[in-house]
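Here's a quick briefing to read with the model open beside you. Have a look around first, then work through the points below.

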Amino acid sequence: MSEFQAQVEERLAALEATTLGTNAQALDAFYLLVCGVFVFFMQCGFALLEAGSVRTKNTKNILLKNLLDACLGAIIWWLWGMGVAYGDSGDYNDGNEFIGTAPNNGGPFAAAGWEGTDWQASGGENYGYTMALWFFQYVFAAAAATIVSGAVAERAQLIAYLIYTTIITGFIYPVVVHWVWCDGGFLSGGFTGDKDKTWAGGCIDFAGSGVVHMTGGVAALCGAFVIGPRAGRFDESGKVMPIPGQSTPFQVVGTFILWMGWYGFNPGSTLGINGAGYGAVMARAAMCTTVSASIGGLTVVFFDRIFSKTYDVGMVCNGILAGLVSITAGCACMLPWAAFLTGFIGAFVYYGASKLLLKLQIDDPLDAFAVHGACGFWGVLAVGWFGHYDYLSFGWDGKNGDVAGKAHYGIIYGGGMLFSAQLVALIIEVAWVGGLTALLFFALKKTGLLRVSREIEEVGMDSSKHGGSAYHN
């Protein structure tokens with residue numbers, strides 16, 4: 001081979017490597033955008049599910065709140081939410097372990113650090129990956145806020161909704177994200193390389209059973225408790241009085257849309273498709289998600305049949321959602337049979353939590369706490385039981401930090417420390433979210449901003465606040 005030929009081949013190899021690298025960045029950005037669109041469409045699922053679960057007199061009100069979730073959430077996440085979640089005061093090795101802060105150029109706060117020639121020259125655009133990641137994280141934040149609206153449906157004032165959505169989306173939720181999903185977060189087993197900065201080595205919550213769903217569910221519980229039940233939900237003796245929703249078809253279609261959206265939520269949490277093994281992780285997440293959702297729906301409807309003597313369509317819907325929430329944390333690090341058990345147990349967690357709230361006379365029209373809060377808690381804990389040693393490599397095999405070994409397998413594989421890390425994370429997250437949202441809702445109640453008057457509640461908010469009924473002959 002001549003010297004000239006060698007030089008040509010060398011240049012071609014360098015060009016090929018450069019092309020592959022740039023194409024890979026573009027592919028990851030496209031993957032995130034597609035998965036993010038799936039998750040964004042879950043807002044439509046939430047809207048239908050919630051509209052179907054309330055009475056016709058409050059249809060416009062609940063739909064308006066779902067629309068505002070998307071609009072308000074986007075502005076908050078752009079201005080400061082992403083910065084609180086993923087910003088930092090410096091290098092991740094010596095940055096803030098509790099909350100994201102702004103570097104000198106502003107970083108993700110209002111995307112101030114994502115523009116200009118300096119950022120582009122440093123390769124910061126990465127074919128749009130950074131902004132695709134912003135979009136993906138925004139739709140997660142919007143989902144967490146939407147969960148709360150269902151628990152206080154048919155009696156919360158719009159101003160209260162705007163206030164609690166702003167605080168949850170802009171502060172309470174992104175702080176939890178920073179703890180668990182940011183390199184340097186003190187609860188992050190999957191991202192923080194220096195395990196000395198974490199509690200018990202950090203937890204694994206792959207797609208957000210705890211970060212997203214439990215955060216929304218615990219906030220929903222606090223809201224439902226403080227605002228009180230809808231008029232007529234319980235009689236003087238405490239007996240539960242049925243208040244059926246307006247449309248079973250809406251509930252079913254909404255559930256199917258949410259289930260579809262979960263295939264962006266869980267597999268998309270690889271945050272890319274180009275890395276070695278990412279395709280396998282994506283596929284495993286999709287399979288485990290499907291198995292868990294399916295057994296959740298089957299278990300709840302047939303278990304409820306024992307007591308109600310009916311096959312309740314609403315129970316199938318909530319059972320599917322219970323299975324989906326339960327597997328979200330562990331969809332990438334469990335075997336399919338473990339996903340089956342996770343969804344099966346999650347069905348009973350949902351059912352027990354739902355009935356317990358009724359016993360306590362806490363009115364949650366969408367079962368938001370039972371589905372998202374209780375099953376989110378179980379989903380994070382399930383990783384400590386069923387986390388498979390072959391699939392925990394992104395957090396525990398020594399490639400990401402100095403904590404490794406059998407102690408960080410699931411309990412059924414001889415581990416124990418991982419379960420402890422999961423439990424510690426859950427306790428801290430519940431204390432943070434529950435404490436702050438309880439204070440928030442009590443403050444709204446004391447100032448008279450939380451609940452509409454009894455007269456407005458009886459007439460319905462569509463007629464009194466939104467110009468009339470959502471339906472016209």
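Is Ala 200 buried, partly exposed or exposed? Ala 200 counts as partly exposed because its relative accessibility is 30%, where buried means under 20% relative accessible area, exposed means over 50%, and partly exposed is in between (1.4 Å probe, protein chains only).

Keep in mind that this is a predicted model: local features need pLDDT of at least 70, side-chain atom pairs count only at pLDDT 80 or more, and totals for chains, interfaces and linings use all residues. Residues are numbered from 1 along each chain as its sequence is written, and side-chain values use heavy atoms, with hydrogens and water left out.

**Overall make-up**
- The protein chain has 15 helices and zero strands; these are DSSP runs numbered from the N terminus, H or I with at least four residues for helices and E with at least two for strands.
- Of the 473 residues in the protein chain, 53% are buried.
- Take the contacts (heavy atoms within 4.5 Å) between residues at least 6 apart in sequence: 77% of them join residues at least 24 apart.

**The nonpolar core**
- The largest nonpolar core has 117 residues, a core being a set of buried Ala, Val, Leu, Ile, Met, Phe, Trp, Tyr and Cys residues joined through side-chain atoms within 4.5 Å.
- Helix α4 (residues 129-151) gives the largest share of this core, 15 residues.
- Among the residues with the most contacts inside the core are Tyr 138, Phe 140, Tyr 173 and Phe 265.
- Leaving aside residues up to four places away in sequence, Tyr 173 touches a set including Trp 77, Phe 140, Ile 168, Trp 181 and Thr 215.

**Aromatic pairs**
- A search of the whole structure turns up 27 aromatic pairs; rings of Phe, Tyr and Trp (its six-membered ring) pair if their centres lie within 6.5 Å, with planes under 30 degrees apart counted as stacked, over 60 as edge-to-face and the rest as tilted.
- Phe 40 and Tyr 138 make a tilted pair, 6.5 Å centre to centre with 45° between the planes.
- That pair links distant parts of the chain, with Phe 40 in helix α1 (residues 3-53) and Tyr 138 in helix α4, 98 residues apart.
- Phe 40 is partly exposed at 36% relative accessibility, while Tyr 138 is buried at 5%.
- Phe 140 and Phe 265 are stacked, because their ring centres are 4.0 Å apart and their planes are at 20°.
- Phe 140 is in helix α4 and Phe 265 in helix α7 (residues 248-265), so this pair ties together parts 125 residues apart in sequence.
- Both Phe 140 and Phe 265 are buried.

**Helices α8 and α10**
- The axes of α8 (residues 278-308) and α10 (residues 336-359) come within 7 Å and cross at roughly 35°; axes are lines fitted to C-alpha atoms, for helices over the stretch in contact, and angles run from 0 to 180 degrees between N-to-C directions.
- The contact includes Phe 303 and Phe 307 of α8, and Phe 340, Phe 344, Phe 348 and Tyr 351 of α10.
- Ring pairs link Phe 303, Phe 307, Phe 340, Phe 344, Phe 348 and Tyr 351 into a cluster.

**Positive phi in loops**
- Back to Ala 200: its phi is near 55°, a positive value in a residue other than glycine.
- Ala 200 sits in the loop between α5 (158-181) and α6 (209-227).
- Gln 361, also not a glycine, has a positive phi of about 60°.
- Gln 361 lies in the loop between α10 and α11 (368-386), and is partly exposed with a relative accessible area of 37%.
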